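Let's take a walk through this model together. Please have the sequence and the 3D view open as you read.

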Amino acid sequence: MKIWRLNKKVECFSSKKLINNLKKEIKDKYLFITDEEEVCYILNLRGQDEKYTPIFRAKLIIAPTFNVIYLDKEKITKEVKDYLDELDIFIKDYNDFKKDEKKFTKEKFESNISFLKSIKTKKEIQNIKRVHKIDGEILTNFIKFVKTIDFDKEYWTEKMLMEELDNRRKKHKDFVCLSFKTIMAYKESAATIHYDVPTNKRDKSKRIKNEGFLLIDSGATYQGGTTDVTRTIKLGKLTKEEKRNYKIVKKAFLKLVNHKFKQGTKGYELDKIARDYMNKYNLDYNHGTGHGVGYMLSVHESPPTITRKRKENNILFGDSEIFENQVVSIEPGVYFENKYGIRIEDLAVVKKDEKGILYFDILTKVPIE
């Protein structure tokens, strides 16, 4: 698939200005950008080398007197070539990068592009809100459709429902790609946090009945933003335990959604708001409470992260500060092996009130049961 430039409706800043600002910052050093999402972000270009993320294989060097991009030349259109020429970026084959990297002996500059990328512009936020209305309507209508089905009389499996939802999203004119493989998890399937719906002929997808929970974790990238939303819906009779635990997860979710916090607050401090409420009932979940989301990029962006403070492989998680205009997920849950799972997830943009206090402005437009 060819590399493409964001159109004027969804392009939110000047790549030329950004590159010039980076040149001033690096002075006489070289900036090596090897993260493909960062290359796509800087250049306002996208591709489809990854199934669920609209990026392309590339490396970028920004130096005081020149710029070079390394990519698969056969994927460039004339429009993209002309655009790169306008940005004074020399085009080389992707495989030349390792050889050329050894030639550049000047000191490398450590960039903060991942942080820049996480702070959404006013126009990006406007586009993201528009996209959430589109996606919210699609998912809300799908859930209404599911609620009309008599699963004891009609034959539906997790795979069939997953395909039905995916196809509804793909029909929209602004659809780019799914943001990850849709999780359609019925009853005990949802006890697996990142459940993978069986799609081959050997492994049968679970049949749906008029009872228990159906967990739907799904999203898509459209022209203007990326979505990620989870709803756990009731398909019939629930046990007292299921009802109780759903209420606890919902309350934990709402506690964090409605929480206001000072500038300088770290991700692990927000994680505790939801998790501590769950812990009061001896419940917990083995995943973070929230992650960042890119602008027409990866559905998992870091920074920001809202998770327990911990160190793995010399990397400290949960210790990054949460800033205004970052987009984050809020997604507590609970999981019982061989029984069921419950998770509720919205995306929110961090905003600041007139007193300088930060809060979550919810982007997701899907009702919660």
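A word on conventions comes before the tour. This is a predicted model, in which local features need pLDDT of at least 70 and side-chain atom pairs count only at pLDDT 80 or more, while totals for chains, interfaces and linings use all residues. Residues are numbered from 1 along each chain as its sequence is written, and side-chain values use heavy atoms, with hydrogens and water left out.

Let's begin with α7, a helix of 13 residues covering 158–170. Helices here (H or I, at least four residues) and strands (E, at least two) are DSSP runs, numbered from the N terminus. From first C-alpha to last, α7 reaches 18 Å, close to the 18 Å expected at 1.5 Å a residue; the expected span is 1.5 Å times one less than the number of residues.

Which residues of α7 are buried? They are Glu158, Leu161, Met162, Leu165, Asp166 and Arg169, where buried means under 20% relative accessible area, exposed over 50%, and partly exposed in between (1.4 Å probe, protein chains only). Seen down the axis of α7, these buried residues fall within an arc of 130 degrees, so they line one face of the helix. That arc is taken from the directions from the helix axis to the C-beta atoms. The buried residues pack against α6 (122–148) and several strands, among them β7 (175–178) and β9 (213–218).

Leaving aside neighbours within four places in sequence, leucine 214 is in contact with Leu161, Met184 and Ile233, among others; contact means heavy atoms within 4.5 Å.

Finally, look at lysine 255, which sits in helix α8 (residues 240–257). This lysine 255 is partly exposed, with a relative accessible area of 38%. Beyond its neighbours within four places in sequence, lysine 255 is in contact with Ile273 and Tyr277. Its C-alpha atom is separated by 15 Å from that of valine 328, 73 residues apart along the chain.
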